[in-house]
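Take a walk through the model below.

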Amino acid sequence: MLMRALVLLLVLVVPASAATRLNVAIGADVNVVEVHKTLLGPGFKAQTPDVELNVVGTGTGEPASRAIYTKIRAQADAGRAPWDIDVALVSMAVASQMVKEGLLLRYVPRLKNAALVKGAEVKEAFGVNVDGYVVPMFQNQIAIAYNPARVAAPPKSFDELTKWVAANPGKFGYNGIKGGVSGVGFTMGWVYWKTGLYKQLTQGPFDRGREGAIREAITALRDFNRNVLITNGNAGTLDALNRGEIAMGVVWIDQLVAWKNEGRMDPSITPVLPAPGLPIYPLYLVVPREAASKDAAVRYIDYIATPEVQAKAIVERFGWYPGVDPDKVLPLISAKSRELLFKGVSAEDLARYSRQMPIKEYHDLIALAYEEIVR
Amino acid sequence: MVGVVFVWPLAVSVAASFTRAGVPTLGNYTTVWRLYLRDVGYTLAVSAAGTALTFALAIVVCGWLRVRAFAPVEFLLKVPLFVPFVVVGHALRVFLVPWAPALAGSWGGLVLALAWKHLGLAALLLVGAFRAVDESHLEAARNFGAGTARLTRDVLVPMSAPSLAVSAVLIFSSMLASFSIPLMMSRGGGAQMLMIDVYYRFGQHGDFETAAALGVVGYLMAMGAALVYLQRLAPVKRP
């Protein structure tokens with residue numbers, strides 16, 4: 001973490017030659033960094049030539065977002081302004097924490113595309129009111145991918161999934177809660193299904209009285225896990241699916257699409273979203289409160305939120321779900337991209353079964369119960 | 001200088017392990033006790049098994065090398081010294097997965113990878129220690145008909161015992177603190193090496209305090225081994 005923060009510091013202090021320098025810190029994998037460097041950055045620069053982009057990646061997973069948080073928090077604590085990150089792409093958990101701690105600018109009302117920023121996840125994240133502070137760059141859905149050659153009837157519900165796993169021990173895999181967010185998301189989906197408390201767990205208020213039901217659900221998950229292969233990460237699950245070690249596994253849809261596009265994945269592997277659903281997890285574009293180039297930061301995010309840019313760069317190129325109003329973006333994508341994006345998981349499935357993450361107190365309670373009971 | 005770069009950060013992290021949101025507490029250690037006690041045992045066991053395997057291999061090969069010097073083998077033995085930890089973890093995983101997928105993600109695979117990586121360091125230390133044994137002792141044993149195995153077991157190992165002990169402590173401590181190899185090889189469930197837990201606590205939960213407490217437990221475990229090392233280094237008082 002410290003090393004990441006130091007590298008970030010070194011990269012950001014290199015002097016720039018252009019009039020306005022926009023420091024963009026990306027708390028996500030290299031492919032997301034590349035989109036900013038090769039597609040979004042040049043596209044934006046063509047419209048706004050006086051801005052020079054400096055894009056830095058901070059790694060993968062939650063720790064990548066935490067590295068950005070640590071840096072901004074340190075600058076806030078030092079009491080010096082301006083801060084040297086203008087735009088950051090961070091996870092839901094970190095964005096909500098930063099809003100809570102007053103580290104972010106409420107910039108969305110200043111966007112031309114502000115009306116397109118809609119949905120439950122831009123209003124509230126982990127129980128924090130994030131309205132006006134965040135624009136999802138894209139949405140990412142957790143789903144169950146299966147090999148049609150080995151799974152005749154993919155599970156339409158968690159109920160069917162548990163029956164299939166009992167009949168096919170060791171052929172279903174996910175990454176637990178220490179191997180990446182897809183496993184965390186599956187665990188949350190399991191708890192929603194077992195407890196039937198989706199609304200309460202995602203909207204609060206926190207009630208410790210629900211702990212019993214949560215622990216009961218996690219105990220059932222422990223028993224379920226006895227017939228499951230716990231992989232070593234999101235990629236590990238895809239790898240096990242590809243090798244045939246498992247026939248079904250919990251994956252990120254974007255990663256599945258990306259691997260297929262790169263020819264690294266059996267193209268027949270198909271995602272399915274069983275009832276009552278699994279979480280969707282957006283990455284948010286945010287502007288730190290004391291960013292040096294606030295105006296350019298807002299213009300850059302406005303550019304990314306444009307339906308045409310979302311359609312070409314986010315959906316067609318990378319197979320992500322649009323971050324802003326899908327009704328405005330999806331009519332602009334090609335038929336081929338549409339087929340790839342919605343193969344197995346239709347737009348209706350998404351509307352019905354995309355779930356939010358729980359509020360932070362329940363999230364931590366579920367993770368703790370998992371560590372204590374499942375181990 | 002030592003105070004600034006070593007003692008100060010150490011003191012800050014120890015102090016952090018006894019607080020939560022600025023309030024003094026032992027709660028972080030309760031969490032470690034409740035959630036990670038098994039992992040402490042697992043870490044100790046894996047490190048001990050890894051050290052044992054490393055020495056089981058290194059003693060045999062280094063004994064042979066001491067008796068009949070053969071530069072290419074000695075060079076090959078030291079190659080792991082220059083291979084990064086992440087690469088070792090990845091390579092062993094790729095190597096093991098196709099034919100022993102269960103071993104790749106198990107404690108056995110981890111022990112194998114740790115031993116592979118530390119074999120270079122062990123070879124460096126052991127070959128040096130064995131070479132320090134005077135040739136006349138080996139000659140004497142040979143005159144009584146001792147072969148390579150016998151020379152190693154009855155002459156080289158007993159006469160290099162203090163150096164072997166120090167090497168074992170260094171390798172054991174390095175395995176206790178290993179992170180990249182367990183990260184590359186472990187599965188998302190079951191017992192974990194302690195450094196993985198440290199990473200999980202602050203990476204996933206932003207929980208620096210429990211991570212610091214786990215770190216202190218790590219210091220204490222390594223400290224036990226370091227005490228042995230320091231005792232060896234201390235000048236022996238002769239009557």
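This is a predicted model. Begin at Ala21(B), which counts as exposed because 6 C-beta neighbours lie inside 10 Å, and 12 or fewer is the cut-off. Ala21(B) sits in the loop between β1 (19–20) and β2 (23–24) of chain B. Its phi is positive, about 50°, although Ala21(B) is not a glycine. Most residues other than glycine have a negative phi.

Now step back to chain B as a whole. Chain B holds 12 helices and two strands. Along the sequence the order is α-β-β-α-α-α-α-α-α-α-α-α-α-α. The C-alpha trace of chain B spans about 70 × 60 × 30 Å along its principal axes. Of its 239 residues, 37% count as buried. Among contacts in chain B with a separation of 6 or more, 77% join residues 24 or more positions apart.

Move to chain A. Phe126(A) also has a positive phi, near 50°, and is not a glycine. Phe126(A) lies in the loop between β4 (124–125) and β5 (128–129). Is Phe126(A) buried or exposed? Phe126(A) is buried, because 24 C-beta neighbours lie inside 10 Å and the cut-off is 20 or more.

Val51(A) belongs to strand β2 (residues 51–57) of chain A. Val51(A) is buried too, with 21 other C-beta atoms within 10 Å. Thr219(A) is 168 residues from Val51(A) in sequence and 54 Å away in space, C-alpha to C-alpha.

Finally, look at the peptide bonds. Most peptide bonds are trans. A cis bond joins Ala81(A) and Pro82(A), with omega about 0°. Pro82(A) lies in the loop between α3 (61–78) and β3 (87–91). Another cis bond joins Ala275(A) and Pro276(A), with omega about 5°. Pro276(A) is in the loop between β11 (270–272) and β12 (278–279).

Technical notes. Residues are numbered from 1 along each chain as its sequence is written. Chains are lettered from A and ligands numbered from 1 in the order in which they are written. This is a predicted model: local features need pLDDT of at least 70, side-chain atom pairs count only at pLDDT 80 or more; totals for chains, interfaces and linings use all residues. Helices (H or I, at least four residues) and strands (E, at least two) are DSSP runs, numbered from the N terminus. Two residues are in contact if their C-beta atoms, placed from the backbone, lie within 7 Å.
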